[in-house]
Amino acid sequence: QASRIDRQNKELLGKILRTISDKNAPSLEREERLDDLFEREKLTPGFLRHVEGECERISAAPEMTSESRRLLETLRVIQARVVEE
């Protein structure tokens, strides 16, 4: 069951990241899609822990690239939005 929950959390995080990073959609449309996604999906404390774990993993990397910094920043934004919800 733990692996199933972990897989679900990874899939949800992937959906959120794809929604946020869709450069073909205007910013307002991405925001609306993200709002819709948060309304449809079950945002659990376990998901929040998963996002925090990803942030810690990236932060602990021996080298921080510009891409990893951007991903970390995006994950922190997601984390704040989940806490708001």
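A residue is called buried when its relative accessible area is under 20%, and exposed when that area is over 50%. Keep those two cut-offs in mind on this tour. The model in your viewer is predicted.

**Stop 1**

Select Arg81. Is it buried or exposed? Its relative accessibility is 11%, so Arg81 counts as buried. Glu84 counts as exposed because its relative accessibility is 62%. The side chains of Arg81 and Glu84 meet in a salt bridge, with 3.9 Å from N to O. Both sit in helix 4, 3 residues apart, so about one helical turn separates them.

Salt bridges with shared partners join Glu31, Asp35, Arg81 and Glu84 into one network.

**Stop 2**

Side chains of opposite charge can pair when their charged atoms come close. Select Arg7 and Glu11 for another case. Their side chains form a salt bridge, 3.3 Å from N to O. How far apart are Arg7 and Glu11 in helix 1? They are 4 residues apart, which means about one helical turn. An α-helix has 3.6 residues a turn, so residues three or four places apart point the same way.

Check how open this pair is. Arg7 is partly exposed, at 43% relative accessible area. Glu11 is partly exposed too, at 42%.

**Stop 3: a bridge between helices**

Move to Arg76 and Glu52. These two form a salt bridge, and their closest N and O atoms are 3.1 Å apart. Which helices does the pair link? Arg76 is in helix 4 and Glu52 is in helix 3. They lie 24 residues apart, so this bridge links distant parts of the chain. Arg76 is partly exposed, with a relative accessible area of 35%. Glu52 is partly exposed as well, at 24%.

How many salt bridges does the structure hold? The count is 10.

**Stop 4: along helix 1**

Select residues 2-20, which make up helix 1. Helix 1 has 19 residues. From first C-alpha to last, helix 1 reaches 27 Å, close to the 27 Å expected at 1.5 Å a residue.

Now color its buried residues: Asn9, Leu12, Leu13, Gly14, Ile16 and Thr19. What do they pack against? Their partners are helix 2 (27-40), helix 3 (45-59) and helix 4 (66-84).

Zoom in on Thr19, in helix 1. At 15% relative accessibility, Thr19 counts as buried. Show its contacts, leaving aside neighbours within four places in sequence. They are Arg30, Arg33, Leu34 and Leu37. Then draw a distance from Thr19 to Lys42. Their C-alpha atoms are 16 Å apart in space, and the two residues are 23 apart in sequence.

**Stop 5: the nonpolar core**

Finish inside. The largest nonpolar core has 14 residues. Which of them have the most contacts inside it? Select Leu13, Ile16, Phe47, Val51, Leu75 and Ile78. Helices 1, 2, 3 and 4 each supply at least two residues of this core.

Center the view on Val51. Beyond neighbours within four places in sequence, Val51 is in contact with Leu13, Leu75 and Gln79. Leu13 also belongs to the buried residues of helix 1.

Definitions and conventions: Residues numbered from 1 in each chain as written. Predicted model: local features only at pLDDT ≥ 70, side-chain atom pairs only at ≥ 80, totals over all residues. Heavy atoms only, no water. Buried < 20%, exposed > 50% of the residue type's maximum accessible area, 1.4 Å probe, protein only. Contact = heavy atoms within 4.5 Å. Expected span 1.5 Å × (residues − 1). Salt bridge = Lys/Arg side-chain N within 4 Å of Asp/Glu carboxyl O. Core = buried A, V, L, I, M, F, W, Y, C linked by side-chain atoms within 4.5 Å.
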